[in-house]
Amino acid sequence: MPAYKFKVNGKDQAVDVMADTPLLWVLRDTLGLCGTKYGCGVGDCGACTVLVDGEAKRSCQITAEEAAGKQVLTIESLPADGTHALQKAWIEEDVPQCGYCQSGQIMAAYALLKETPSPSDHQIDEAMDRNLCRCGTYQRIKAAVKRAAKSGGVA
(Lines give C-alpha, C1' and ligand atoms only; values in the text may rest on other atoms or scores of the structure.)
Protein backbone atom coordinates (compact mmCIF):
# COMPACT_ATOMS: atom_id res chain seq x y z
CA MET A 1 0.00 0.00 0.00
CA PRO A 2 1.28 3.47 -0.75
CA ALA A 3 1.93 6.01 1.96
CA TYR A 4 -0.03 9.24 1.84
CA LYS A 5 1.16 12.31 3.64
CA PHE A 6 -0.91 15.22 4.82
CA LYS A 7 -1.16 17.57 7.75
CA VAL A 8 -3.94 16.89 10.25
CA ASN A 9 -4.66 19.49 12.91
CA GLY A 10 -1.21 20.96 12.36
CA LYS A 11 0.69 17.67 12.63
CA ASP A 12 2.38 15.92 9.72
CA GLN A 13 0.91 12.47 9.19
CA ALA A 14 1.82 9.59 6.87
CA VAL A 15 -0.55 6.66 6.48
CA ASP A 16 -0.27 3.38 4.60
CA VAL A 17 -3.77 2.81 3.28
CA MET A 18 -5.39 1.95 -0.03
CA ALA A 19 -5.73 4.94 -2.37
CA ASP A 20 -9.52 4.79 -2.28
CA THR A 21 -9.81 4.68 1.52
CA PRO A 22 -12.15 7.50 2.54
CA LEU A 23 -10.49 10.26 4.55
CA LEU A 24 -13.12 9.62 7.23
CA TRP A 25 -11.73 6.12 7.86
CA VAL A 26 -8.15 7.39 7.76
CA LEU A 27 -9.02 9.92 10.47
CA ARG A 28 -11.05 7.55 12.63
CA ASP A 29 -9.43 4.14 12.14
CA THR A 30 -5.83 4.92 11.24
CA LEU A 31 -5.20 8.11 13.21
CA GLY A 32 -7.66 7.52 16.06
CA LEU A 33 -9.41 10.88 15.64
CA CYS A 34 -12.96 9.74 16.35
CA GLY A 35 -14.57 13.18 16.69
CA THR A 36 -15.50 13.13 13.01
CA LYS A 37 -18.66 11.04 12.70
CA TYR A 38 -19.94 8.63 10.09
CA GLY A 39 -23.45 9.60 9.11
CA CYS A 40 -24.84 8.60 5.75
CA GLY A 41 -21.67 7.63 3.90
CA VAL A 42 -22.78 9.39 0.71
CA GLY A 43 -22.02 13.01 1.58
CA ASP A 44 -25.62 14.05 2.21
CA CYS A 45 -25.79 14.60 5.99
CA GLY A 46 -22.58 16.46 6.86
CA ALA A 47 -21.80 14.55 10.05
CA CYS A 48 -18.31 13.85 8.68
CA THR A 49 -17.51 17.47 7.74
CA VAL A 50 -13.88 18.50 8.12
CA LEU A 51 -11.88 21.32 6.60
CA VAL A 52 -9.55 20.41 3.74
CA ASP A 53 -7.29 23.29 2.79
CA GLY A 54 -9.74 25.59 4.57
CA GLU A 55 -12.93 24.39 2.86
CA ALA A 56 -15.69 22.37 4.49
CA LYS A 57 -15.67 18.91 2.90
CA ARG A 58 -17.42 15.61 3.52
CA SER A 59 -14.62 13.30 4.66
CA CYS A 60 -16.62 10.25 3.54
CA GLN A 61 -16.37 11.50 -0.04
CA ILE A 62 -12.62 12.28 -0.17
CA THR A 63 -10.07 9.52 -0.62
CA ALA A 64 -6.68 9.28 1.04
CA GLU A 65 -5.13 9.87 -2.36
CA GLU A 66 -7.17 13.06 -2.85
CA ALA A 67 -6.27 14.33 0.63
CA ALA A 68 -2.54 13.76 0.10
CA GLY A 69 -0.51 16.94 0.45
CA LYS A 70 -3.40 18.89 1.96
CA GLN A 71 -4.14 20.36 5.38
CA VAL A 72 -7.02 18.78 7.25
CA LEU A 73 -8.73 20.23 10.30
CA THR A 74 -11.03 18.09 12.41
CA ILE A 75 -13.10 18.86 15.49
CA GLU A 76 -10.06 17.78 17.52
CA SER A 77 -8.28 20.93 16.28
CA LEU A 78 -10.45 22.97 18.64
CA PRO A 79 -9.38 23.26 22.29
CA ALA A 80 -10.23 20.23 24.42
CA ASP A 81 -11.29 22.56 27.23
CA GLY A 82 -14.10 24.04 25.11
CA THR A 83 -12.76 27.60 25.12
CA HIS A 84 -13.07 28.26 21.39
CA ALA A 85 -15.73 30.85 20.49
CA LEU A 86 -17.74 28.27 18.56
CA GLN A 87 -17.63 25.72 21.37
CA LYS A 88 -18.69 28.33 23.93
CA ALA A 89 -21.48 29.61 21.68
CA TRP A 90 -22.72 26.05 21.11
CA ILE A 91 -23.01 25.53 24.85
CA GLU A 92 -24.47 28.97 25.59
CA GLU A 93 -27.17 28.47 22.95
CA ASP A 94 -27.84 24.94 24.21
CA VAL A 95 -27.38 23.53 20.70
CA PRO A 96 -26.48 19.87 21.31
CA GLN A 97 -29.34 17.45 21.74
CA CYS A 98 -28.20 13.95 20.80
CA GLY A 99 -24.91 15.51 19.70
CA TYR A 100 -24.19 13.17 16.82
CA CYS A 101 -24.07 15.83 14.08
CA GLN A 102 -22.35 18.46 16.20
CA SER A 103 -18.74 17.95 15.10
CA GLY A 104 -19.77 18.30 11.46
CA GLN A 105 -21.98 21.29 12.27
CA ILE A 106 -19.20 23.05 14.15
CA MET A 107 -16.65 22.43 11.41
CA ALA A 108 -19.08 23.76 8.78
CA ALA A 109 -19.63 26.84 10.97
CA TYR A 110 -15.86 27.17 11.39
CA ALA A 111 -15.39 27.22 7.61
CA LEU A 112 -18.16 29.82 7.27
CA LEU A 113 -16.73 32.15 9.92
CA LYS A 114 -13.23 31.78 8.54
CA GLU A 115 -14.46 32.95 5.15
CA THR A 116 -17.19 35.33 6.36
CA PRO A 117 -16.52 36.66 9.87
CA SER A 118 -19.93 38.41 10.18
CA PRO A 119 -22.35 36.31 8.16
CA SER A 120 -25.94 37.30 7.47
CA ASP A 121 -28.82 34.97 8.27
CA HIS A 122 -28.95 34.01 4.60
CA GLN A 123 -25.22 33.23 4.51
CA ILE A 124 -25.57 31.06 7.63
CA ASP A 125 -28.54 29.25 6.11
CA GLU A 126 -26.63 28.61 2.89
CA ALA A 127 -23.44 27.45 4.60
CA MET A 128 -25.23 25.15 7.04
CA ASP A 129 -27.96 23.97 4.66
CA ARG A 130 -26.41 20.59 3.89
CA ASN A 131 -25.60 19.69 7.50
CA LEU A 132 -28.54 17.75 8.85
CA CYS A 133 -29.63 17.64 12.48
CA ARG A 134 -32.18 14.95 13.29
CA CYS A 135 -33.02 16.78 16.53
CA GLY A 136 -33.97 19.93 14.59
CA THR A 137 -31.80 22.42 16.44
CA TYR A 138 -31.35 24.63 13.39
CA GLN A 139 -32.48 27.86 15.07
CA ARG A 140 -30.08 27.24 17.95
CA ILE A 141 -27.27 26.49 15.49
CA LYS A 142 -27.94 29.78 13.71
CA ALA A 143 -27.95 31.63 17.05
CA ALA A 144 -24.68 29.95 18.04
CA VAL A 145 -23.00 30.91 14.77
CA LYS A 146 -24.12 34.53 15.28
CA ARG A 147 -22.91 34.49 18.89
CA ALA A 148 -19.54 33.05 17.87
CA ALA A 149 -19.21 35.68 15.14
CA LYS A 150 -19.85 38.47 17.63
CA SER A 151 -17.31 37.09 20.09
CA GLY A 152 -14.43 36.80 17.71
CA GLY A 153 -15.31 34.01 15.29
CA VAL A 154 -12.47 31.67 14.51
CA ALA A 155 -9.58 34.09 15.00
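Accessible area here comes from the Shrake-Rupley method with a 1.4 Å probe. On that basis, this predicted model exposes about 8000 Å², and carbon and sulfur atoms supply 48% of the total.

Let's start with the overall build. The protein has six helices and five strands, and reading along the sequence gives the pattern β-β-α-β-β-α-β-α-α-α-α. Its radius of gyration is 15 Å, close to the 15 Å that the globule rule gives for 155 residues, so the protein is as compact as a globular protein of that length. Along the principal axes, the C-alpha atoms fill a box of roughly 45 × 30 × 25 Å. Of the 155 residues, 45% are buried. As for contacts between residues at least 6 apart in sequence, 59% of them join residues at least 24 apart.

Now for the surface. Trp 25, Tyr 38 and Tyr 100 make up a nonpolar patch there, with about 290 Å² of accessible area together.

Most residues other than glycine have a negative phi. Asn 9 has a positive phi of about 50° without being a glycine. You'll find Asn 9 in the loop between strand 1 (3–8) and strand 2 (11–16), partly exposed with a relative accessible area of 22%. Asp 53 also isn't a glycine, and its phi is positive, near 50°. Asp 53 belongs to the loop between strand 3 (49–52) and strand 4 (55–58), and its 46% relative accessibility makes Asp 53 partly exposed.

Note on methods:
Residues are numbered from 1 along each chain as its sequence is written. This is a predicted model: local features need pLDDT of at least 70, side-chain atom pairs count only at pLDDT 80 or more; totals for chains, interfaces and linings use all residues. Side-chain values use heavy atoms; hydrogens and water are left out. Patches are made of residues with over 30% relative accessible area and no salt bridge: like charges are joined within 9 Å, nonpolar side chains (Val, Leu, Ile, Met, Phe, Trp, Tyr) within 5 Å. A salt bridge is a side-chain nitrogen of Lys or Arg within 4 Å of a carboxyl oxygen of Asp or Glu. Helices (H or I, at least four residues) and strands (E, at least two) are DSSP runs, numbered from the N terminus. Buried means under 20% relative accessible area, exposed over 50%, partly exposed in between (1.4 Å probe, protein chains only). The radius of gyration is taken over C-alpha atoms; the globule rule is 2.2 Å times the number of residues to the power 0.38. Contact means heavy atoms within 4.5 Å.
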